Amino acid sequence: MKRDTINKLCCPFDKNDLDLTVVTKDTTENILEGFFTCKECRRIYPIVRGIPIMNPDEYREFSLEKPLLDKWNKQLEGKKIENFRLIEE
């Protein structure tokens, strides 16, 4: 995913701005892995192989996203995920 694409995206739930956390990039600075977090509702949306997964909650399967979130534990900085939302402990 190219960085200039980020400015065109918003939270599909409440249309607010997103924070980006980059996990891996390729040699041309395209984002391969990472996640967006909505600044308002705190929903988390993973980026997998350069593709942001931004489906509404009812079309998401937490068990499919959990391995990625476990892998990105360092970038989550000790925060937990509940109902696709980032929770401060």
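How many aromatic pairs does the structure hold? The structure holds two aromatic pairs. The model is a predicted one.

## The stacked pair

A pair of aromatic rings is described by two things, the distance of the centres and the angle of the planes. For Phe-35 and Trp-72, the ring centres are 5.9 Å apart and the planes stand at 25°, so this pair is stacked. The cut-off behind that label is an angle under 30 degrees.

Phe-35 belongs to strand β2, which covers residues 31-38, and Trp-72 sits in the loop between α2 and α3. The two residues are 37 residues apart, and their pair links distant parts of the chain. Phe-35 and Trp-72 are both buried.

## The edge-to-face pair

Which kind of pair do the rings of Phe-62 and Phe-84 form? Their centres lie 5.9 Å apart and their planes are at 70°, so the pair is edge-to-face. Here the cut-off is an angle over 60 degrees.

Phe-62 is in helix α2, while Phe-84 is in the loop between β5 and β6 (85-87), so the pair ties together parts that are 22 residues apart in sequence. Phe-84 counts as buried because its relative accessibility is 9%. The limit for buried is under 20% relative accessible area.

## The largest pocket

Rolling a probe the size of a water molecule over the atoms shows where empty space is left. The largest pocket contains about 150 Å³ of space. Its lining is made of Phe-62, Lys-66, Leu-69, Asp-70, Asn-73, Leu-76, Lys-79, Lys-80 and Ile-81. Two or more lining residues come from each of α2 (62-71), α3 (73-76) and β5 (80-82).

Which element gives the largest share of this lining? Helix α2 does, with four residues. Sorted by class, the lining of the largest pocket has four nonpolar residues, one polar residue and four charged residues. Phe-62 is one of the lining residues, and its ring is also part of the edge-to-face pair with Phe-84.

## Arg-43 and its contacts

Arg-43 is found in the loop between β2 and β3 (44-48). What lies under Arg-43? Arg-43 is placed over the face of Phe-13, at 3.5 Å from the ring centre. The side chain of Arg-43 also makes a polar contact, at 3.0 Å, with the side chain of Asp-57. With a relative accessible area of 3%, Arg-43 is buried.

## Positive phi angles

Arg-42 lies in the loop between β2 and β3. Arg-42 is not a glycine, and its phi is positive, near 70°. Its relative accessible area is 26%, so Arg-42 is partly exposed.

Lys-15 is another residue that is not a glycine but has a positive phi, about 65°. Lys-15 is in the loop between α1 (3-6) and β1 (18-25). Because its relative accessible area is 56%, Lys-15 is exposed; the limit for exposed is over 50%.

## The start of the chain

Met-1 is in the segment before α1. Is Met-1 buried or exposed? Met-1 has a relative accessibility of 12% and so counts as buried. Met-1 and Asp-26 are 25 residues apart along the chain, and their C-alpha atoms are separated by 9.8 Å.

Key:
Residues numbered from 1 in each chain as written. Predicted model: local features only at pLDDT ≥ 70, side-chain atom pairs only at ≥ 80, totals over all residues. Heavy atoms only, no water. 1 Å grid on protein atoms, 1.4 Å probe; cavity = no way out; pocket = protein on both sides within 12 Å on 5 of 7 lines; lining within 4 Å. Points joined across faces, edges and corners; volume = space filled by probe spheres on them. Nonpolar A, V, L, I, M, F, W, Y, C, P; charged D, E, K, R; others polar. Phe/Tyr/Trp six-rings, centres within 6.5 Å; stacked < 30°, edge-to-face > 60°. Buried < 20%, exposed > 50% of the residue type's maximum accessible area, 1.4 Å probe, protein only. Lys NZ or Arg CZ within 6 Å of the ring centre and 35° of its normal. Polar contact = N/O pair within 3.5 Å; in protein donor to acceptor, adjacent residues only side chain to side chain.
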